[in-house]
Amino acid sequence: MHVVMLLYPRLTQLDLTGPFEVFARFRELELHLVWKTAEPVRDGGGLTMLPSTTFAACPQADILFVPGGPGQAALMEDEETLAFLRRQASSARYVTSVCTGSLVLGAAGLLKGYRATCHWLSLPQLGLFGVEPVAERVVRDRNRVTGAGVTSGIDFALSLMADVFGEERARKVQLQMEYDPQPPFPGGSPASAPPELVAAVTQDAAKWLSDREQIARRVAATLA
């Protein structure tokens, strides 16, 4: 099975590398990191990664995956990338994302009429694309599987692998990875964090959230 994972400038690397670590432990999967060119790609924090294939050379995906990150906003208006995702999604067994990667799928028209999730700060923007936003860690709707913010990528990938290969194998990989989250502080989601902390994080993100929403609204208007 081919897993096609979109790699692009200013993505959030953990959105990609968390699922990659899970997928890489299933020998039946062949993983492809794809971008327009084979040149190195720098993530939003400065980590450089190398694509393994290009849009032109990429095989057909069985699992299509889109991570999120700061660079996601530009992708929503990148017709070359959106067209590539549409082509791949047309025959993919699963169309998936983590974090704001679901907004890219939405901009490509690939989540209209589906339930989906993303990072809590951007969750309402999914509704602009005809998506039913769901505030859950992992959301499945038919062959669309989406994960919430950043760290949910491991949960997403383990859940997807349970669907593909069965729960027993997914549980083995979970144990191999010693995936047993015990965060040092409570409040890692807006549902459990104190209201003042949620307000502070929201305020810190206000400028780029506004910019992202303007782009989302502009793109959504072209799909109407």
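Student: What should I know before I start?

Tutor: The model is predicted, so local features need pLDDT of at least 70 and side-chain atom pairs count only at pLDDT 80 or more, while totals for chains, interfaces and linings use all residues. Residues are numbered from 1 along each chain as its sequence is written, and side-chain values use heavy atoms, with hydrogens and water left out.

Student: Let's take the sheet. What is the order of its strands?

Tutor: Helices (H or I, at least four residues) and strands (E, at least two) are DSSP runs, numbered from the N terminus. Two strands pair if DSSP finds at least two bridges between them. Here, seven strands make an open sheet with mixed pairing, in the order β5-β2-β1-β6-β7-β11-β10. β5 and β10 are the edge strands, each pairing on one side only.

Student: In what sense do β1 and β2 pair?

Tutor: Parallel, over five bridges, with β1 covering residues 2–6.

Student: How many residues of β1 and of β2 are buried?

Tutor: Buried means under 20% relative accessible area, exposed means over 50%, and partly exposed is in between (1.4 Å probe, protein chains only). In β1, four of the five residues are buried, so the strand is largely enclosed by the rest of the structure. Five of the six residues of β2 are buried, so β2 is largely enclosed too.

Student: How do I read a nonpolar core?

Tutor: The general idea is that nonpolar side chains tend to be buried together in soluble globular proteins. A nonpolar core is a set of buried Ala, Val, Leu, Ile, Met, Phe, Trp, Tyr and Cys residues joined through side-chain atoms within 4.5 Å. The largest one here has 65 residues, and F23, F129, F156, L160 and M161 touch the most other members. Helix α5 gives the most to this core, with seven residues.

Student: Which residues does L160 contact?

Tutor: Contact means heavy atoms within 4.5 Å. If you leave aside neighbours within four places in sequence, L160 is in contact with F23, I63, Y94, T96 and V145.

Student: How many aromatic pairs are there?

Tutor: Rings of Phe, Tyr and Trp (its six-membered ring) pair if their centres lie within 6.5 Å; planes under 30 degrees apart count as stacked, over 60 as edge-to-face and the rest as tilted. That gives five aromatic pairs. One of them is F55 with F84, stacked at 4.2 Å centre to centre with 5° between the planes. This pair links distant parts of the chain, 29 residues apart: F55 is in the loop between β5 (53–54) and β6 (63–66), and F84 is in helix α3 (residues 79–89). Both F55 and F84 are buried. Elsewhere, ring pairs link F23, F65 and F156 into a cluster.

Student: Which ring does R142 lie over?

Tutor: A charge sits over a ring if NZ of Lys or CZ of Arg is within 6 Å of the ring centre and within 35 degrees of the ring normal. R142 lies over the face of Y114, at 4.1 Å from the ring centre. R169 has its charged end over the ring of F165, 4.9 Å from the centre.

Student: How many salt bridges does a search of the whole structure find?

Tutor: A salt bridge is a side-chain nitrogen of Lys or Arg within 4 Å of a carboxyl oxygen of Asp or Glu. The search finds 13 of them. Take E80 and K36, whose side chains meet at 3.8 Å, N to O. E80 lies in helix α3 and K36 in the loop between β2 (30–35) and β3 (41–42), so the pair ties together parts 44 residues apart in sequence. E80 is partly exposed at 44% relative accessibility, and K36 is partly exposed at 27%. K36 and E80 also belong to a network of salt bridges with D78.
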